[in-house]
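Grab a pencil and work through these exercises with the model open beside you. Each task comes with a step-by-step solution.

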Amino acid sequence: MNDQVMSLKDVIDRYGRLVWKCKGVSMRPMIRQETDYVTLVKPTSEPKAMDVAIYQRGDGAYVLHRIIGDEGKNYLILGDNCINVEHVPKSSVFGVLNTLTRNGQPVDLDGFKQKIYETLWIRPWRLRVFLLRVKNKCKRVLESR
């Protein structure tokens, strides 16, 4: 029996896909922590802006965030509920979101609700980052009272 643990990258490389129950709030409201399952697949072409990609940070952490731009050797990546843009080497991205399942039902990633979400929340990411910073600042002020 082999007691070796495979990394997420190894699983995707070997089997072509990985079904994973998400942790964390960085992709809210699209992906809900401990509720939603994502199917990640090995990209068949270079990932592009608006794709949700999995990558491994230098500290070893796996992160599932959205590509918002391309800088040649790096992607600009930002979680849907985050305020800090990351510059991620393209070589660190090893999978992309293929399906999302909530309460046992697939979420239509090409449907009307998703298009509205993308138009109002994802594409205007600079405005979203500003609004999230204002929200965080207001929350800190209210909590300090």
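**Exercise 1: the aromatic pair**

The count comes to 1 aromatic pair, where rings of Phe, Tyr and Trp (its six-membered ring) pair if their centres lie within 6.5 Å. This is a predicted model, where local features need pLDDT of at least 70, side-chain atom pairs count only at pLDDT 80 or more, and totals for chains, interfaces and linings use all residues. Residues are numbered from 1 along each chain as its sequence is written, and side-chain values use heavy atoms, with hydrogens and water left out.

Task: which residues form the aromatic pair, and what is its geometry?

Solution. 
- Step 1: a pair of aromatic rings is described by the distance of the centres and the angle of the planes.
- Step 2: Y62 and F94 pair up, with 5.9 Å centre to centre and 80° between the planes. That makes the pair edge-to-face (planes under 30 degrees apart are stacked, over 60 edge-to-face, the rest tilted).
- Step 3: Y62 sits in strand β4 and F94 in strand β7, 32 residues apart, so the pair links distant parts of the chain (strands are DSSP runs of E, at least two residues; helices are runs of H or I, at least four; both are numbered from the N terminus).
- Step 4: F94 is buried, with a relative accessible area of 5%, while Y62 at 26% counts as partly exposed (buried is under 20%, exposed over 50%, partly exposed in between, with a 1.4 Å probe and protein chains only).

**Exercise 2: R102**

Task: is R102 buried or exposed, and which side chain makes a polar contact with its side chain?

Solution. 
- Step 1: R102 lies in strand β7, residues 93–102.
- Step 2: its relative accessibility is 17%, so R102 counts as buried.
- Step 3: the partner is the side chain of D36, at 2.8 Å (a polar contact is a pair of N or O atoms within 3.5 Å; within protein, one must be able to donate a hydrogen and the other to accept it, and residues adjacent in sequence count only if both atoms are side-chain atoms).

**Exercise 3: helix α3**

Solution. 
- Step 1: W125, R128, V129 and L132 are buried.
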